[in-house]
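Biologist: I would like to learn how to read the features of a structure like this one, with the cut-offs behind each term. Could we go through them in turn?

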Amino acid sequence: MIVVVGSRHDSVARSMVRALPRAALCAAEDLTCPGWVWSLASPEHSRWVVDRTVIDDREVTGVFVRRSCVYPEELVSTHPDDREFLAAESTAFLVFVLSRTAARVVNPVIDGLLGDDAIRPEQWIPKAAELGLTLAPLRFKRGGTLCPLARTTTAVVVDVDVFGDAPPQLRAAATELAAALGVVYAAFVFDGERRLVAVSASRPPSAPALAALGSILSTRNGT
Amino acid sequence: MIVVWGALDDPPVSDVLDALRTRGANIVHLDRTRVETLDFDVTLGKTPSGWIALDEHRIPLDTISAIYLRPEAHRVGCATPATACLLTIASSLDGVVVNRPAAGRSNLTKPFQLAAIAEAGFAVPPTLVTTDPLAARQFLERHRRVVYKSISGIRSIVATLDVDDADRLSGVRTGPVQLQRWIAGIDLRVHVVGERWFATAIKSTAADYRYGGSDIAIAATEIDGEFGERLVRLTASAGLLVAGIDLRLTPNDEWFCFEVNPSPGFTFYEDATGQPIAAAIADLLMKC
């Protein structure tokens, strides 16, 4: 079984569940349902709650993560006074689960963080510089405005496969950077001067990228 | 230049500021109000470049040698541009940073951090995180006495449950709860500061000594040098320069490690023991 960890309000997560083989959504509400069992000592006996159903961790082959945290507003069945606390607890619990499951997690927990939080700029910029990639300057300026780029190309890395319209040299560089960052799925955006502008795992996967994800998530540890 | 980021009414921040002033350090203090008026123009590269400015006084980033940060909490996803900028600087500045924001993240997920502590070779208590009342009751039955505490970085009062309290575990069905086997013994808080450590023993009959009221005795103590060095390595392996490590020494002389706090409120221990922790942090910040 493939588990997509995301929100019921996330249309990309829902469409991934429809497209991936034997997939189901693990939403915020599931994190507050009875049935979860995760022991520090014996993760092999662990249990998920996915789409309100208790699932043995051994049945989960792969997990695709579509969120960085659980928001209080998602916990509509929880008393409003308790939502903030429970959202923090659910996020922390999710990080623990994703770091302990024997299933392949895309993308894995890095520094206790999920999703794009795990590949924030201060993480990928130094690594990209070390690998010799040319970087577009990322500037923080009070009152600064976003300038949309006129022309970009993208390399979408799924493990060892690369999709998108970036030229071969940039696709190879993206693959190398993904490996250095420890991520399995990410989109690497380059500007017209072939400079790396952004890295994100939240971009919706294209059909071929989704097929590649389905392939690696359908079997345990991609084997 | 040393940047200290945190509220003046937060004792660790004020103590570190005092220690730095005593040493004649060149300091910039930022609290929430000043951060909101902070001007900045920072470009991220292999190392960050640019400047931050307070009251129209520009501070080039290459003049900042160290940062001590205990910023006031903000809600996840709600950082302002200025705090985001400062966190980015703290993450990538080529200098002494106590502590890098990412290094402290594992403490936001206690069982995740506990797994890392176990992997580093320290004994940790048997731990179950669950929303299943039956699994929770079985865990309690097996260990006879357990503590339950929060999973996240939000502080909660640690409470104990005995087998007579099994019925109370039906409440776990509404959200994940962390249960740990009760470990009897003496609490130790060890503050690691760079290569140094300060060990404090705490005796209390309360399950959570922080809320033990007058039923608490705190004293500076010594730990074995080799064990102290292991704690220094544990701190470094978490990417931290300063940590408050919570341990318990059992009557059988077995050490259990519970937590590595990346932003310890060390003044509680310093005030009780006279250990020069703020001074050690100031020395570390001025090392560069």
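Modeller: Let us begin with contacts: two residues are in contact if their C-beta atoms, placed from the backbone, lie within 7 Å. This is a predicted model, in which local features need pLDDT of at least 70 and side-chain atom pairs count only at pLDDT 80 or more, while totals for chains, interfaces and linings use all residues. Residues are numbered from 1 along each chain as its sequence is written, and chains are lettered from A and ligands numbered from 1 in the order in which they are written.

Biologist: How many residues does the contact take from chain B and from chain A?

Modeller: The contact takes 43 residues from chain B and 39 residues from chain A. With helices (H or I, at least four residues) and strands (E, at least two) taken as DSSP runs numbered from the N terminus, S3(B) gives the most to the side of chain B that touches chain A, namely six residues. That side has 21 nonpolar, 15 polar and seven charged residues, where Ala, Val, Leu, Ile, Met, Phe, Trp, Tyr, Cys and Pro count as nonpolar, Asp, Glu, Lys and Arg as charged, and the others, Gly among them, as polar.

Biologist: Which strand of chain A is joined to S8(B), and by how many bridges?

Modeller: Strands pair if DSSP finds at least two bridges between them; here three bridges join strand S3 (residues 37-39) of chain A to S8(B), and the two run antiparallel. Within S8(B), Leu128(B) stands opposite Ser39(A).

Biologist: Which residues touch the most other members of the largest nonpolar core?

Modeller: In general, nonpolar side chains tend to be buried together in soluble globular proteins. A nonpolar core is a set of buried Ala, Val, Leu, Ile, Met, Phe, Trp, Tyr and Cys residues joined through C-beta atoms within 7 Å, and buried means that 20 or more other C-beta atoms lie within 10 Å of a residue's own, against 12 or fewer for exposed and partly exposed in between. Of the 160 residues in the largest core, Phe188(A) and Ile281(B) touch the most other members, and helix H3 (residues 80-100) of chain A supplies the largest share, 10 residues. Leaving aside neighbours within four places in sequence, Ile281(B) has contacts that include Val16(B), Tyr68(B) and Val242(B).

Biologist: Why does Ala24(A) count as partly exposed?

Modeller: Ala24(A), which lies in strand S2 (residues 23-26) of chain A, counts as partly exposed because it has 19 C-beta neighbours inside 10 Å.
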